[in-house]
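Hello,

Here is the structure for you to look over. My notes follow it.

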Amino acid sequence: MHSPTIERRGIMLVLSSPSGAGKTTLARRLLTSERGIEMSVSVTTRNPRQGEVHGKDYFFVSETEFKRMRDAGDLLEWARVFGNYYGTPALAVERALAGGRDVLFDIDWQGAQQLNEKVAQDLVRVFLLPPSGEVLQQRLEARAQDAPDSVARRMSDAAAEISHWAEYDYVIINSDLEASVAGLSAILAAERLRRERLLGLSDFVREMQKAL
Ligand code: 5GP
């Protein structure tokens with residue numbers, strides 16, 4: 001059966017959560033199981049953690065370089081998180097969307113708010129919650145890469161991040177990774193079918209009506 005391809009607007013899928021809720025793992029799983037969606041790689045002034053790759057996990061830049069990019073208008077949104085700067089390079093996102101691909105963003109509530117002010121119609125916001133405060137604490141403590149004071153700080157910052165949960169379109173409680181992956185895939189599938197994103201739908205239906 002011939003399945004028609006209908007031109008549609010790309011989705012900007014934002015995934016936010018407190019640090020330690022499993023966001024990075026969930027994002028990776030979605031990218032391996034879904035086609036037509038790519039990760040937005042942010043710039044940051046924080047130091048790389050062990051195993052992180054420049055250009056893949058982040059573009060690690062100096063504060064001077066970050067501010068140059070920000071002031072030149074190269075960033076779609078930016079924020080200061082845990083004392084470091086983070087931002088989304090605009091060009092890669094624009095290219096992906098223009099090429100008909102969706103983009104996944106691992107950004108905080110400040111970034112989600114800025115995108116909502118700029119590109120609300122293309123935005124789908126998902127907030128990921130840990131199953132409990134205790135589990136969140138255990139996960140942060142297990143991250144030996146972070147200095148102890150940084151763990152304590154991230155724990156208190158988690159409360160601030162979580163306080164923004166109601167600004168999101170969807171909330172997933174990450175008790176079971178497989179269920180969370182399935183939930184996120186379902187959100188993506190449904191949002192891809194939204195009538196207002198399907199730019200080619202009017203023409204498609206008009207053509208069909210001719211044959212009726
Ligand atoms: P981490 O240092 O653990 O990789 O990230 C810390 C926080 O910064 C996470 O909540 C992450 O979502 C957020 N973050 C990462 N990149 C960006 C970005 O480009 N913009 C904004 N607003 N937040 C970001």
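The notes below cover the ligand and then its pocket.

This is a predicted model: local features need pLDDT of at least 70, side-chain atom pairs count only at pLDDT 80 or more, and totals for chains, interfaces and linings use all residues. Residues are numbered from 1 along each chain as its sequence is written, and side-chain values use heavy atoms, with hydrogens and water left out.

**Ligand**

Around the ligand there are 17 residues (a heavy atom within 4 Å). S42, R46, Y58, Y86 and D106 come nearest. By class, this shell has seven charged, six nonpolar and four polar residues (Ala, Val, Leu, Ile, Met, Phe, Trp, Tyr, Cys and Pro count as nonpolar; Asp, Glu, Lys and Arg as charged; the others, Gly among them, as polar).

Alone, the ligand exposes 520 Å², and the protein buries 94% of that (Shrake-Rupley, 1.4 Å probe).

**Pocket**

The ligand sits in the largest pocket (more than half of its atoms within 2 Å of the grid points). A pocket is an open set of points on a 1 Å grid over the protein atoms alone, where a 1.4 Å probe fits, with protein on both sides within 12 Å along at least five of seven lines; lining residues have an atom within 4 Å of a point.

This pocket holds about 1,200 Å³ of space (the volume filled by probe spheres set on the points). It is lined by 50 residues, with K23, T24, R49, Y58 and D106 closest to its centre. The lining divides into 19 nonpolar, 16 charged and 15 polar residues.

Regards
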